[in-house]
Amino acid sequence: MKALPVEPSNAPVAIGSRIRSARQAQRMTIEQVADSTGLTKGFLSRVERDLTSPSVASLVTLCQVLSISIGDLFTVPETHLTRLSEAPKISLGGEGINERLMTARSEQRLQMIRAVVAPNGKGESDLYSVDCEVETLHIVAGRFELIFSNDRYAMEAGDTITFPGREPHTWVNPSDEEAVVLWTLVPAASRS
């Protein structure tokens, strides 16, 4: 099998911000890292700003002090872009509601659902709960009411409410105008 020739890249690999982030996560100052590694504060500052590249030996020492693996510095973060026009339609129930899943279907840490609720649209007549720890509702446009067994919250554009995901609730758009809301479920609701 013939190997494909790969042109080497002279593009610098930017790892400085990840090193700085790891240092800050450890709640260490540049001075503390310098004392622990034997590297100078000025050199570490230049590394964090991607103005210089550390040797492999310096990088190994730095990663040991910061409790990170060298590979973590070069891993491309997993990102997922969902365009509204391509977001899958879902239905969690209710009348006069168009819901779209705005996070990747595979995302387990949270789910974000964008809902457009028609005038006087409403949730189920019986209170229901969602299998998640925390639910957040943000009103993007219009008016919206969130209803619990002992309370009712009238909300308008810009308002946000956070509550336990397993708390029984329902909702209604009490106005003659469309409402746009974002539901965030943490962690993502189980699919049973």
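Biologist: Which residues line the second largest pocket?

Modeller: In this predicted model, the lining of the second largest pocket divides into three nonpolar, six polar and three charged residues. The residues that line the second largest pocket are E78, T79, H80, L81, T82, M102, T103, A104, S106, E107, Q108 and R109.

Biologist: What volume does the second largest pocket have?

Modeller: The lining of this pocket includes H80, M102 and R109. The volume of the second largest pocket is about 290 Å³.

Biologist: How much space lies in the largest pocket?

Modeller: The largest pocket is lined by 21 residues. Those residues divide into eleven nonpolar, five polar and five charged. The space in the largest pocket amounts to about 390 Å³.

Biologist: Which residues lie nearest the centre of the largest pocket?

Modeller: The lining of the largest pocket comprises 21 residues. Nearest the centre of this pocket lie L92, I113, V130, L185 and A189.

Biologist: Which element gives the largest share of the lining of the largest pocket?

Modeller: Two or more residues of this lining come from each of strand 2 (95-101), strand 3 (111-122), strand 8 (169-172) and strand 9 (179-186). The largest share is three residues, and the element that gives it is strand 2.

Biologist: How far apart do the end C-alpha atoms of residues 19-73 lie?

Modeller: An unreviewed UniProt entry lists residues 19-73 as "domain: HTH cro/C1-type". In the model, this span is 69% helix and 0% strand. The end C-alpha atoms of residues 19-73 are separated by 7 Å.

Terms used
Residues are numbered from 1 along each chain as its sequence is written. This is a predicted model: local features need pLDDT of at least 70, side-chain atom pairs count only at pLDDT 80 or more; totals for chains, interfaces and linings use all residues. Side-chain values use heavy atoms; hydrogens and water are left out. On a 1 Å grid over the protein atoms alone, a cavity is a set of points where a 1.4 Å probe fits but cannot get out, and a pocket is an open set with protein on both sides within 12 Å along at least five of seven lines; lining residues have an atom within 4 Å of a point. Grid points are joined across faces, edges and corners, and a volume is the space filled by probe spheres set on the points. Helices (H or I, at least four residues) and strands (E, at least two) are DSSP runs, numbered from the N terminus. Ala, Val, Leu, Ile, Met, Phe, Trp, Tyr, Cys and Pro count as nonpolar, Asp, Glu, Lys and Arg as charged, and the others, Gly among them, as polar. UniProt positions are given in the numbering used here, feature names are shortened, and annotations may be inferred rather than shown by experiment.
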